[in-house]
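Please read them with the structure open.

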Amino acid sequence: MNKPHDIPSTPLSPTAVDSHSVMFITQRPELVMTEGLGSWLVDHNGKRYLDFLQGWAVNCLGHSNPGMIAAMNAQARKLINPSPAFYNEPMIRLSNLLTEQSCFNRVFFANSGAEANEGAIKLARKWGQLHKSGAHEIITFEHSFHGRTLATMSASGKPGWDTMFAPQVPGFLKAELNDLESVKKLIGPKTVAVMVEPVQGEGGVIPTTTAFMEGLRALTQEHKVLLIVDEVQAGCGRTGKLFAYQHYNIKPDIMTLGKGIGGGVPLAALLATESVSCFVPGDQGGTYNGNALMTAVGISVIEQLLAPGFLDEVVRKGELLSRELQTLATEFNLEGERGKGLLRALMLGKDVGPKLVEMARDQGPEGLLINSPRPNLLRFMPSLAVTDAEIAQMCGMLRGLLQQVH
Ligand SMILES: *Cc1c(COP(=O)(O)O)cnc(C)c1O
């Protein structure tokens with residue numbers, strides 16, 4: 001592989017990995033990933049993997065994107081973190097870029113999607129104190145995912161999460177996605193906001209319908225309730241528009257971004273319209289928030305997404321991937337495919353997802369990285385710069401695997 005930079009790679013011994021000092025929080029294969037370039041990852045044995053996970057839809061420009069590396073290096077030489085008590089140039093430039101491209105007026109940078117969502121929840125509750133007699137309840141959705149802090153776990157509709165670290169943070173009511181009536185039933189005097197993922201990612205790549213999103217905006221306006229879109233996974237070009245809410249004729253009050261906005265580095269954002277931006281000094285902050293190094297990378301990412309033709313290509317490649325997955329579904333009598341842009345799922349009709357994920361990774365000579373957020377489906381979230389040839393190669397590899405489990 002030709003790296004666009006010259007980081008010396010330390011050869012790791014290809015023997016068993018001694019990982020006992022790493023806290024056990026998930027089952028990991030005995031592999032150490034050592035290098036990445038574009039749609040490819042390399043492990044400590046030198047085996048290559050076609051990466052359709054990209055750090056969970058995080059590396060929107062693939063691995064080792066030259067523009068991001070240049071931005072990171074240039075900023076690191078200049079200024080890394082002057083402290084959140086001061087403005088810095090990249091923080092201001094990225095805020096301007098995001099507000100120019102959206103219906104929002106103010107940006108608060110965070111370090112993870114969960115932290116951005118915590119900020120959104122706090123902002124909505126503060127707004128409720130000021131403008132809605134202390135209304136604080138937020139309606140979220142079954143099977144939604146908003147993060148792993150206590151409040152965002154409570155906001156999430158993942159089965160089992162209500163008891164995992166009980167007691168929950170109170171004030172989150174769950175409605176059914178794409179069912180406006182179920183939201184209507186839960187709206188009351190204590191409701192301050194509705195929080196929704198335009199495409200439920202972890203829930204299994206379930207897009208919201210236009211009628212639902214536009215109905216939700218009308219309903220929330222009618223009841224003077226805020227609309228929060230969690231675009232941590234669906235934002236930043238993933239669905240073929242810079243922001244997923246732009247597929248609908250709506251203007252939300254609050255939006256959160258994460259994952260793609262940093263292209264792989266820890267960066268997230270909370271955006272709000274002027275009338276909702278009601279934090280006062282002391283309400284919100286954080287040591288690393290808006291640091292120059294990460295926001296400089298964010299500028300490079302957003303500028304590359306906005307380059308002429310880039311998002312049109314995401315749309316075209318999303319359609320290509322969709323057609324290819326439909327072909328596989330027909331060929332193997334599966335239940336079909338769904339998604340938006342380059343966030344897609346193949347519905348298997350059987351709980352063979354986790355097995356396919358393992359087989360895909362472990363096959364030789366080259367592996368394939370995909371995931372299975374629900375056992376009956378596979379999810380695909382490649383680099384937005386993925387090539388047609390890589391999409392074809394991925395589908396070819398998948399065909400071989402489906403033949404094996406068939
Ligand atoms: C991943 C994700 C989050 C959490 O982001 P972290 O950076 O892991 O905290 C929140 N919301 C959605 C929709 C996500 O996909």
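1. Two strands are said to pair here if DSSP finds at least two bridges between them. By that criterion, strand β11 (residues 254-257) pairs with β12 in the antiparallel sense, over four bridges. Within this pairing, Met255 has Leu271 of β12 as its bridge partner. Note that this is a predicted model.

2. Strand β12 also pairs with strand β4 (residues 106-110); the two run antiparallel and are joined by five bridges. Ala110 is the residue opposite Ala268 of β12.

3. Is β12 (residues 268-272) enclosed or open? Five of its five residues are buried, so the strand is largely enclosed by the rest of the structure. Ala268, Leu270 and Ala272 point to one side of β12, while Ala269 and Leu271 point the other way, and all of them are buried.

4. On the overall fold, the protein has twelve helices and 16 strands. Its radius of gyration is 21 Å, close to the 22 Å that the globule rule gives for 406 residues, so the protein is as compact as a globular protein of that length. The C-alpha trace spans about 65 × 55 × 45 Å along the principal axes.

5. Of the 406 residues, 53% are buried. Among contacts with a separation of 6 or more, 72% are between residues 24 or more positions apart.

6. Leu150, Met164 and Phe165 make a nonpolar surface patch of about 330 Å². Met164 belongs to helix α6 (residues 161-164) and is partly exposed, with a relative accessible area of 45%.

7. Two cis peptide bonds deserve a look. One joins Ala166 and Pro167, with omega about 0°; Pro167 sits in the loop between α6 and β6 (172-175). Another runs from Gly364 to Pro365, with omega near -5°, and Pro365 is in the loop between α11 (353-362) and β15 (367-369).

8. His143 lies in the loop between β5 (137-141) and α5 (150-155) and is partly exposed, at 31% relative accessible area.

9. Val205 likewise has a positive phi, about 55°, and is not a glycine. Val205 is found in the loop between β8 (199-200) and β9 (206-207). With a relative accessibility of 0%, against a cut-off of under 20%, Val205 counts as buried.

Note on methods: Residues are numbered from 1 along each chain as its sequence is written. This is a predicted model: local features need pLDDT of at least 70, side-chain atom pairs count only at pLDDT 80 or more; totals for chains, interfaces and linings use all residues. Side-chain values use heavy atoms; hydrogens and water are left out. Patches are made of residues with over 30% relative accessible area and no salt bridge: like charges are joined within 9 Å, nonpolar side chains (Val, Leu, Ile, Met, Phe, Trp, Tyr) within 5 Å. Accessible areas come from the Shrake-Rupley method with a 1.4 Å probe; for residues, only the protein chains shown count as cover. A salt bridge is a side-chain nitrogen of Lys or Arg within 4 Å of a carboxyl oxygen of Asp or Glu. Buried means under 20% relative accessible area, exposed over 50%, partly exposed in between (1.4 Å probe, protein chains only). The radius of gyration is taken over C-alpha atoms; the globule rule is 2.2 Å times the number of residues to the power 0.38. Contact means heavy atoms within 4.5 Å.
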